[in-house]
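Hi,

Here is the structure I promised to pass on. Have a look at it first, and then read my notes below.

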Amino acid sequence: RRVTRLLTVGLGLFAFSQIVRAARLMQLLDGLHGIGPYDWYHFSHVFDDACNGLGLVAITAAFLTAIVDLFETKHKLVVQQEALSQEISRRTQTEEEILREKQKYKDLVKDLPVAVYRNTPGPDGRFLEVNPAHVAMFDGDSEEDLLKVGVSDLYRRASEREEVTERLLRDGF
C-alpha cells in the first residue's frame, strides 16, 4: 500500500508538472488574473520544477520502499525456512527413534519362547501379528500362513471365542 500510494502521488505530481510545462510552452496561462507574462512564466517554471522534483522523489521513495519491503520479506522467509528445517530435523529424529523402538519390540517378541500375538476382536477376528513361538504352537508353516487363518478357526468351538471376546470387551482383560 505504501508503495502504491507513493507511486500514485509521484506519478500524479510528475504528470501535473508535465501539464504545467506544456501549458507554459504553449503560453496558455500567460496573463491570467493580472499577473504579467514574465512573472507568470517564472512562477509556472518554479512550480513545474517543484512538482517534477517532488514527483521524482516520491517515485524514488516508492522504489526504495519496495526494495526494503522485499528484503524484510526475504528475511522473514529465511527465518521461516530455518524453523521449518529444524522441525523437519526434529521429526526425522523422532521417526528414527520410533523405528528403533519398533525394531526392539519386534526383536523381543520374535525371540520370546512364549506365543505372542495381536488380533482384531469379534467373532471374525484376524491375526495382526504373530511370533515364531505362536506359529510353532499351531504347527504353522510360516507367520504369513497363520495371519491368513481366522482366530475363531483355532478354537475347538467357535462359541469359546465369543465368550472370550465378550469378557475382554466387558472387563477389559
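Predicted model: local features only at pLDDT ≥ 70, side-chain atom pairs only at ≥ 80, totals over all residues.

Starting at the N terminus, the elements of the protein chain come in the order α-α-β-β-α-α-α. That makes five helices and two strands; both are DSSP runs numbered from the N terminus, with helices (H or I) needing at least four residues and strands (E) at least two.

Two notes on how to read this. Residues are numbered from 1 along each chain as its sequence is written, and side-chain values use heavy atoms, with hydrogens and water left out.

**The chain as a whole**

The protein chain has 173 residues, and 18% of them count as buried. Buried here means under 20% relative accessible area, exposed means over 50%, and partly exposed is in between (1.4 Å probe, protein chains only). The accessible surface of the chain comes to about 13,300 Å², with 61% of that belonging to carbon and sulfur atoms; areas come from the Shrake-Rupley method with a 1.4 Å probe, and for residues only the protein chains shown count as cover. As for contacts (heavy atoms within 4.5 Å), take those in the chain with a separation of 6 or more: 47% of them are between residues 24 or more positions apart.

**Along helix H2**

Helix H2 covers residues 37-111, and threonine 65 lies in it. Is threonine 65 buried or exposed? It counts as buried, because its relative accessibility is 17%. Leaving out residues up to four places away in sequence, threonine 65 touches Arg2, Val3 and Leu6.

Isoleucine 67 is also a residue of helix H2, but it counts as partly exposed, at 42% relative accessibility. Together with Leu64 and Phe71, Ile67 forms a nonpolar patch on the surface, and the three have about 320 Å² of accessible area together. For patches, the residues must have over 30% relative accessible area and no salt bridge; like charges are joined within 9 Å, and nonpolar side chains (Val, Leu, Ile, Met, Phe, Trp, Tyr) within 5 Å.

**Salt bridges**

How many salt bridges does a search of the whole structure find? It finds six, each being a side-chain nitrogen of Lys or Arg within 4 Å of a carboxyl oxygen of Asp or Glu.

One of them joins glutamate 87 to arginine 90, with the closest N and O atoms 2.6 Å apart. These two residues are separated by about one helical turn, because they are three residues apart in helix H2. Glutamate 87 is partly exposed at 27% relative accessibility, and arginine 90 is partly exposed too, at 43%. There is also a network of salt bridges here, linking Glu87, Arg90 and Arg91.

Helix H2 also holds lysine 104 and glutamate 101, again three residues apart, about one turn of the helix. Their side chains meet in a salt bridge at 3.4 Å, N to O. Lysine 104 is exposed, with a relative accessible area of 54%, whereas glutamate 101 counts as partly exposed at 47%.

Then there is the salt bridge between arginine 118 and glutamate 129, where the closest N and O atoms are 2.9 Å apart. Arginine 118 is in strand E1 (residues 117-119) and glutamate 129 is in strand E2 (residues 127-130), so this pair ties together parts that are 11 residues apart in sequence. Arginine 118 is partly exposed at 44%, while glutamate 129 is buried at 19%.

Proline 132 is in helix H3, which spans residues 132-137. Its relative accessible area of 34% makes proline 132 partly exposed. Not counting residues up to four places away in sequence, proline 132 touches Lys110 and Glu143. From C-alpha to C-alpha, proline 132 is 9.8 Å from tyrosine 117, and the two are 15 residues apart in sequence.

Finally, look at aspartate 139, in the loop between H3 and helix H4 (143-147). Its phi is near 50°, a positive value in a residue other than glycine. Aspartate 139 is exposed, with a relative accessible area of 71%.
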